[in-house]
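Have the viewer open and follow along.

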Amino acid sequence: MLKLNNIKRIARIESIKTWNYPVFKALIILYSLLFLLITLIASNIQINLQGVTISKVFQFPHIWNTLTWFASWFNLILGILAIMMVSNEFQFRTFRKQIIDGLSRNELLFGKAMVMLLLAVFAVLLVFATGVTIGIMKTNNLSWSYLTNGIYFLPILFVQSLAYTSLALLFVTIIRTPGPSIMLYLLYFFPIEPIIRAVIPERAIGYLPAKLFSNLTPMPDFVGISLSDMVELKISGTDVFSPKIHTFQSLSVITIVALCYSLLFILISRHIIKRKNF
Amino acid sequence: MKTILKVEGLTKSFGTIKAVSNLSFSVFEGQVLGLLGPNGSGKTTTLNLLLQTKYPDSGTFHWFDGQSGPSANRNIGTLIEVPHFFPYLNLEKNLKIVAHARGKGLNDIQRTLELVGLTGRIKSPFYTLSFGMKQRLALASALLGNPDVLILDEPTNGLDPEGIAEVREIIIQQRDLGKTIIMASHLLDEVEKVCTDVVILKNGERIAYGKVDELLSGKTLVTISAENIAELQKCLKTNSRISILEMEGNSIRISLGEGLTTTELNKWLVEKGIIISTLELHKASLESQFLELVKGPSQHG
């Protein structure tokens with residue numbers, strides 16, 4: 001069992017490894033810069049289409065959908081980061097060294113799960129800070145209900161980031177070396193899963209991990225939002241796994257499924273690490 | 001004496017190769033046990049099993065009166081054959097990780113780095129160190145937190161003569177402080193200089209086990225045989241100055257205690273009514289004794 005003392009001990013170990021790792025810093029900065037850049041550019045574009053502007057997607061409450069959708073493009077960077085952190089331990093044989101120094105295999109994996117949770121928290125905080133800033137700038141009549149409406153996209157982004165890093169963890173615990181792990185991880189998203197999608201029955205497509213994870217943060221309905229602020233009203237009684245439809249209800253179902261996927265990937269990785277001879 | 005480690009029937013195979021086969025031994029407090037054997041005899045595999053980085057196929061072992069979980073390792077300072085650290089972290093940060101993993105405080109880092117003469121490099125990233133320095137950092141890591149038990153796998157491997165002398169000096173210091181040490185080595189000379197007890201391994205099997213002075217000292221080795229071999233053996237057992245090393249078909253290999261000559265041995269046996277048919281004297285060097293042990297037929301027990 002993990003006691004509080006042990007959790008602190010593992011947290012200290014992981015923080016030394018991560019904060020001092022140049023690749024960690026570089027990829028976190030890259031992730032943040034790309035997200036901020038795309039948000040800044042998109043929020044300043046003025047498109048006038050028969051009197052319809054897209055600027056409303058940067059107003060409360062739609063901004064949470066928009067920004068989490070942008071952030072979701074860069075989840076792969078977090079996945080690659082997770083792969084680097086774990087493959088280092090295999091490459092440097094430091095997993096072995098830490099077992100020798102008294103960490104259990106469970107504790108090794110727990111440390112990595114902590115890093116993954118931290119990455120997800122970071123993604124949420126970045127989107128939250130950006131969302132509040134831009135939202136206040138772009139929304140005319142501010143009210144508290146405006147602020148909290150649609151904020152459920154933030155916990156969804158948290159689950160989505162965790163899902164991406166958990167899948168990365170699974171790849172790297174099986175493959176161990178960084179290059180091949182990253183390559184297969186990326187190839188899984190394109191073209192491996194898209195090929196699978198082409199051959200399996202349509203109603204199963206929404207359950208495949210990559211598809212399901214990306215459905216968590218649906219593309220904002222740029223034109224629709226502009227025509228009607230009440231986008232949710234247009235949707236009723238449709239298949240929750242259909243990619244185009246999103247309501248709070250449908251999103252909560254796939255969020256739970258994504259969370260289950262993450263847990264499954266982490267548990268399989270744990271099983272592999274527990275059985276491994278280092 | 002307190003039992004530090006009890007190993008029973010430890011076995012591990014890699015594919016068809018038996019790396020360790022039915023190995024048993026015990027380590028008591030204050031002992032320095034050498035695992036001696038040529039390369040590939042199963043020394044490192046044995047240590048890996050004891051440190052739980054690898055799982056045994058069968059057999060058991062217990063640290064400190066019954067502990068077998070990974071937390072037992074927190075009280076063991078280990079130097080493994082090749083030093084494994086985070087190359088991008090400096091020495092201090094690498095040792096901080098070790099200290100946290102062992103659940104020890106951070107105030108011992110300076111002392112251990114001083115002990116191995118690496119204080120000047122405390123802020124250098126690990127990858128900038130020479131091999132000898134890496135080996136010394138590994139020794140510092142083993143000594144961190146002043147553990148009562150040390151496991152050293154070929155501690156002087158790859159070091160220059162000066163480094164070998166330094167590392168041996170540190171090991172002897174630790175031994176004299178009353179630490180329990182388990183040390184794997186293929187160097188007979190090293191085991192003879194440092195260890196109190198020895199397990200000699202060959203192809204993963206234990207071929208000899210006992211006190212270093214008895215097994216490896218420069219004592220006179222004699223092979224004798226008599227018509228009544230059983231009676232000879234019985235008689236030899238009654239003399240505390242003689243230790244029986246092994247049975248070789250119709251003859252017995254023994255080592256003579258200090259001061260006991262072959263003439264005296266012969267005279268004593270005649271007095272006991274045993275006529276020996278052959279007496280072969282090997283005043284062998286340590287090296288050849290060891291080689292003989294390793295080359296000879298396996299002997300269990």
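Let's begin with chain B of this predicted model. Chain B holds 10 helices and 13 strands. Its C-alpha trace spans about 75 × 40 × 35 Å along the principal axes. Of the 301 residues in chain B, 53% count as buried. The accessible surface of chain B is about 13,000 Å², and carbon and sulfur atoms account for 51% of that. Looking at contacts in chain B with a separation of 6 or more, 66% come from residues 24 or more positions apart.

Now for the place where the two chains meet. Chain A brings 29 residues to the contact and chain B brings 28 residues. The size of an interface is often given as the accessible area lost when the parts come together. Between chain A and chain B, about 2,600 Å² is buried, with carbon and sulfur atoms giving 61% of it.

Which polar links cross this interface? There are 15 residue pairs in polar contact between chain A and chain B, both residues being at pLDDT 80 or more. On the side of chain A that touches chain B, the elements that give two or more residues are helix H1 (4–19), helix H4 (75–91), helix H5 (94–100) and helix H13 (248–275) of chain A. The residues on that side of chain A divide into nine nonpolar, eight polar and 12 charged.

Salt bridges are the next stop. Side chains of opposite charge can pair when their charged atoms come close. Over all chains, the whole structure has 17 salt bridges, and one salt bridge crosses the interface of chain A and chain B.

| Salt bridge | N to O distance |
|---|---|
| Glu14(A) and Lys112(A) | 2.8 Å |
| Asp101(A) and Arg102(B) | 3.6 Å |
| Glu190(B) and Arg168(B) | 3.1 Å |

Take the pair Glu14(A) and Lys112(A). Glu14(A) sits in helix H1 of chain A and Lys112(A) in helix H6 (residues 105–138) of chain A, so the pair links distant parts of the chain, 98 residues apart. Both Glu14(A) and Lys112(A) are buried. These two also belong to a network of salt bridges with Lys17(A) and Glu89(A).

Asp101(A) and Arg102(B) are both buried.

In chain B, Glu190(B) in helix H6 (residues 188–194) and Arg168(B) in helix H5 (residues 161–176) are 22 residues apart. Glu190(B) and Arg168(B) are buried too.

Methods:
Residues are numbered from 1 along each chain as its sequence is written. Chains are lettered from A and ligands numbered from 1 in the order in which they are written. This is a predicted model: local features need pLDDT of at least 70, side-chain atom pairs count only at pLDDT 80 or more; totals for chains, interfaces and linings use all residues. Side-chain values use heavy atoms; hydrogens and water are left out. Contact means heavy atoms within 4.5 Å. Buried area is the accessible area (1.4 Å probe) that two parts lose on being put together, summed over both. A salt bridge is a side-chain nitrogen of Lys or Arg within 4 Å of a carboxyl oxygen of Asp or Glu. A polar contact is a pair of N or O atoms within 3.5 Å; within protein, one must be able to donate a hydrogen and the other to accept it, and residues adjacent in sequence count only if both atoms are side-chain atoms. Helices (H or I, at least four residues) and strands (E, at least two) are DSSP runs, numbered from the N terminus. Ala, Val, Leu, Ile, Met, Phe, Trp, Tyr, Cys and Pro count as nonpolar, Asp, Glu, Lys and Arg as charged, and the others, Gly among them, as polar. Buried means under 20% relative accessible area, exposed over 50%, partly exposed in between (1.4 Å probe, protein chains only). Accessible areas come from the Shrake-Rupley method with a 1.4 Å probe; for residues, only the protein chains shown count as cover.
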